[in-house]
Amino acid sequence: MTATQPRPSDQPRHSLRTDVLEARPVNLDGFVEEWPEKGLVAMESAFDPAPSVRVEDGRIVELDGRQRADFDFMDTFIADHAIDVASAEESNALPSAEIARMLIDPRASRDDVLAVTRGLTPAKVLDVLKLMNVVEIMQGMQKMRARRTPANQAHSTSARDNPVQVAADAAEGALRGFAELETTLGVLRYAPLVAIALQVGAQVGRGGVLTQCALEEATELELGMRGITAYAETISIYGTESVFIDGDDTPWSKAFLASAYASRGIKMRFTSGTGSEVQMGNAEGKSMLYLEIRCILMAKGAGVQGLQNGSISCIGVPGAVPGGLRAVAAENLVASMMDLECASGNDQSFSHSAMRRTARMMPQLLPGTDFVCSGYSAVPNADNMFAGSNFDTEDYDDWNTIQRDFQVDGGLRHVREDEILLARSKAARALQALFAYLDLPAVTDDEVEAATYANSSADYPFRDVLADLKGAQAVMDRGITGLDIVKGLESAGFHDVAENLLTVLRQRVSGDLLQTSAVLTADFTPLSAINDPNDYAGPGTGYRLEGERWAELKKLRHVTSATDPESEVR
Amino acid sequence: MSASLDTGLTRGDYPLSVNRPELLRTPTGKPITALTMDAVVSGELSAEDLRIAPETLELQAQLADASNRPQLAMNFRRAAEMCAIPDAEVLGMYNALRPRASTAAGLAALADRLETTWSAPVCAGLVREAAEVYARRDLLARAGAEDGEDTP
Amino acid sequence: MTTATPDRTVSLRELSPAVRGTRPDEVVIAVSPAFAGHFTKTIVEVPHAEVLRQLLAGIEEQGVGARLVRVRDTADLAAIAHIGAKLSGSGISVGILSRGTTMIHQKDLARLSNLELFPQSPLLDPAVFRMIGSNAAQYAKGESPQPVPTRNDQMARPRWQAKAALLHLKEFECIEAGRGPVEVEAVFELTDAG
């Protein structure tokens, strides 16, 4: 509006190198100073309570310096449901350094550690973790992860909520190795169609992959009850009473909900993470990790089999303070040392810096967790309706290469393009046939063709959104269930896909997937912490990437053949 | 059904779908082996056949106990009690447990209903415990208020 | 981040305890405890003076009047906007936090509901604030405007999430418990660049 402002002459001159550094992507990330009084601190705060516990008449009457009469509802729930009263005083009397050493000492088995940790108070757990650096935290995770075999989970969503895209990307994701696939919506009313597409695509890609659709509690539970989805995880819990109430829940309501899922044979885990309380302005002056430990113990007390944690949607908060990623690695370890399944984050846009994005996941990838990402984006991030993940489809080859470089199993593998195209095409055709059978809005041959070769939602023909939304409503009104999907697929000649889905549905009758860290293998064997317990006992033991699986992970898009250096290994 | 409540399962029995399929039945009394594609196509199966039975949840609770996971076992036992409660009522009960959603009398009535109508004493215990804590932490609905969410 | 606007500052002069308006054609702009006081600009450095100028211009271009109110005893946006709506003669308010997060509210809606919410404060620029003012005024006239298009930026989280939390905590510190909303007058001043 006015003349250009004169550049103040008292600005110091910058070096050319400073200009280069200023332009680096990492400087687009936000960093803030700690403010421990308000809880804006990762895990080292003078304001966290000192550990203490006192038991009277088989009841915990003092917890971390607080007397029973002063317990808030988190203290009460943790004292009455999470902590093993019989061992509490003895375990808490152990020096924290001794417990920290047990976590990294291969001569102490996972069960030995659990015998101690099940009696610990939140502040004692924090006291132990504060002694551990990030390498020690990884060592602990390597042993304490509940399931011996690590796995990975993906997001499969569409910026246009296009079910054809979701089916094709789910098929590719399942084929590439994800054991679980999760979707959500831009327009919530689309949920039934997209959830069906996810299920069909998953069972095309690899039979036994489990699917879920993140929605508000009632609809999420209903889709699960109908057998359209196989598990649930967006059941949020918080570390302070006030934030828990802001979320319109209590530990008791959430515990009741956990049982509701189990009563329908549906696998379920809670979600929590560092930073959520301070983000909502009510950290009560406690560090992010201390509050997350309270969440983890609350989840344990509720009897839920697992937890998605690792800051999740608040990763920008611990990511901005000193030691934040150490705390995030620590919270994953705490979930595992409380004997819970841990789906360990790495699922939200985290940094502008590729180097930081990779560094962020190393403490989960290297030791292995039950699910290294609780949402690797199996669609381009622009299509990711969880607001973007730390990794997306563009990173597939990088991920596979890192697995090969370090000989670690991050749950994925390189798949040849011809196999991928087959799976994508088949998923779209199966959905086409199923929609026709169920009298839902048609999937055209053009859409099948687009799905086969597409990258993102922009590569598909537009669908008639109003017709789709009507169809979605019809799925609910007509009471369509997983069984109808099986029938439709079978009658349309997709016998193998129908059989895969029926086998997944049959699992809920057995309840095997309700046990800790359960997944379904390609031959439909439930694999959980019971029949695949982590038996790490030092070098040469535990899960090792070897044999057939290692041979599979040696493959990349381009590897020069040793026998014929003029060609590449196929 | 066999005396499955006293099977003394051990970890070696897991997964039941592989190792002990003879113990598994649908709530409608069919053996799990009856859940075949032929049965789907011929229309013999309904969605009700694909639900978990309370007896199965008790078996899984025994496995959780045998794996040293008492809280998980307790969750499965609450779940076993809930199997018979219709979906909508389960959701209604969950909503009644939200903060400031129910009065003390409302929660007491819910606990009684769980105990008497649905033979769900463990769930009833959880609700009574919640009522006690909610009273102490000011989380009961204010008497006369339709919902807790009005004045800031 | 720099805008072409001249350096304009605003201070809010407290007039009297806020009362329910009687004009059916007014919108109340309800600002948070630290707005144009402890803080002077949004999270992306849009001066609060510019925010108010655009909101007022957007309201006035619809032929609707505006009143300014400062809420002092809460930093919760839904609460601020709902208090503003209940004070508004039309029942419509725009609530705004210091960092820029904004909401259009209506007095008969539940507090946790709203007409339009703009949760991503880093994406709110002067043009958006003008559209928000305009939409609020249209609601006040009983019209049903197209919602202001919301923007989305997946990289807003890594860049702004922690700063937003910090600003929120600071705003909390400016809460004056037990003090009711007060009607304020915006005093704009143009300052020299030097």
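Residues are numbered from 1 along each chain as its sequence is written, while chains are lettered from A and ligands numbered from 1 in the order in which they are written. In this predicted model, local features need pLDDT of at least 70 and side-chain atom pairs count only at pLDDT 80 or more, whereas totals for chains, interfaces and linings use all residues.

Reader: What ipTM does the model score?

Author: Two scores are given for the model as a whole. The pTM is 0.94. The ipTM is 0.96.

Reader: Which helix of chain A gives the most to the side that touches chain B?

Author: Contact here means that the C-beta atoms of two residues, placed from the backbone, lie within 7 Å; in these terms 57 residues of chain A are in contact with 48 residues of chain B. Several helices of chain A each supply at least two residues of this side, among them α2 (73-82), α14 (288-302) and α22 (495-510); helices (H or I, at least four residues) and strands (E, at least two) are DSSP runs, numbered from the N terminus. With 10 residues, the helix that gives the most is α12(A).

Reader: How many charged residues does the side of chain A that touches chain B have?

Author: Ala, Val, Leu, Ile, Met, Phe, Trp, Tyr, Cys and Pro count as nonpolar, Asp, Glu, Lys and Arg as charged, and the others, Gly among them, as polar. On this side of chain A, 23 residues are nonpolar and 20 are polar. The charged residues number 14.

Reader: How many nonpolar residues are on the side of chain C that touches chain A?

Author: Chain C brings 18 residues into contact with 27 residues of chain A. Of the chain C side, 4 residues are polar and 3 are charged. The nonpolar residues number 11.

Reader: Which element gives the largest share of the side of domain 1 of chain A that touches domain 2 of chain A?

Author: An automatic or database domain assignment gives chain A domain 1 (34-144 + 230-343) and domain 2 (156-216 + 379-557). In the contact, 18 residues of domain 1 of chain A meet 20 residues of domain 2 of chain A. On the domain 1 side, α7 (134-144) and β7 (231-236) of chain A each supply at least two residues. The largest share, 4 residues, comes from β7(A).

Reader: What distance separates the centres of the two domains of chain B?

Author: Chain B is divided into domain 1 (8-83) and domain 2 (85-152). Taken over C-alpha atoms, the centres of these domains of chain B are separated by 29 Å.

Reader: How is α4(B) oriented to α7(B)?

Author: Helix α4 (residues 70-82) and helix α7 (residues 121-136) of chain B pack with their axes 8 Å apart, at an angle of about 110°. Axes are lines fitted to C-alpha atoms, for helices over the stretch in contact, and angles run from 0 to 180 degrees between N-to-C directions. Angles under 35 degrees count as roughly parallel, over 145 as roughly antiparallel, 65 to 115 as roughly perpendicular and the rest as oblique. The angle therefore makes α4(B) and α7(B) roughly perpendicular.

Reader: Which residues of α7(B) meet α4(B)?

Author: From α4(B), the contact takes B:Arg77, B:Arg78, B:Glu81 and B:Met82. The contact of the two helices has 4 nonpolar, no polar and 3 charged residues. The residues of α7(B) are B:Val122, B:Cys123 and B:Leu126.

Reader: Which strands stand at the edges of the sheet in chain C?

Author: The open sheet has 7 strands in the order β1-β7-β3-β2-β4-β5-β6 (chain C), with mixed pairing; two strands pair if DSSP finds at least two bridges between them. Each edge strand has a single partner, so one side of each is left without a neighbour in the sheet. The edge strands are β1 (8-17) and β6 (116-118) of chain C.

Reader: Which residue of β7(C) stands opposite C:Val69?

Author: Strand β3 (residues 65-70) and strand β7 (residues 182-190) of chain C run antiparallel and are joined by 3 bridges. Opposite C:Val69 stands C:Glu183.

Reader: Which residue is joined to B:Pro15 by a cis peptide bond?

Author: B:Pro15 lies in the segment before α1 (16-19) of chain B. The cis bond has an omega of about -5°. The residue joined to B:Pro15 is B:Tyr14.

Reader: What is the mean pLDDT of chain B?

Author: pLDDT is the predictor's confidence in each residue, from 0 to 100. Residues 1-5 of chain B stay under 50, although 89% of the residues of chain B reach 70 or more. The mean for chain B is 91.
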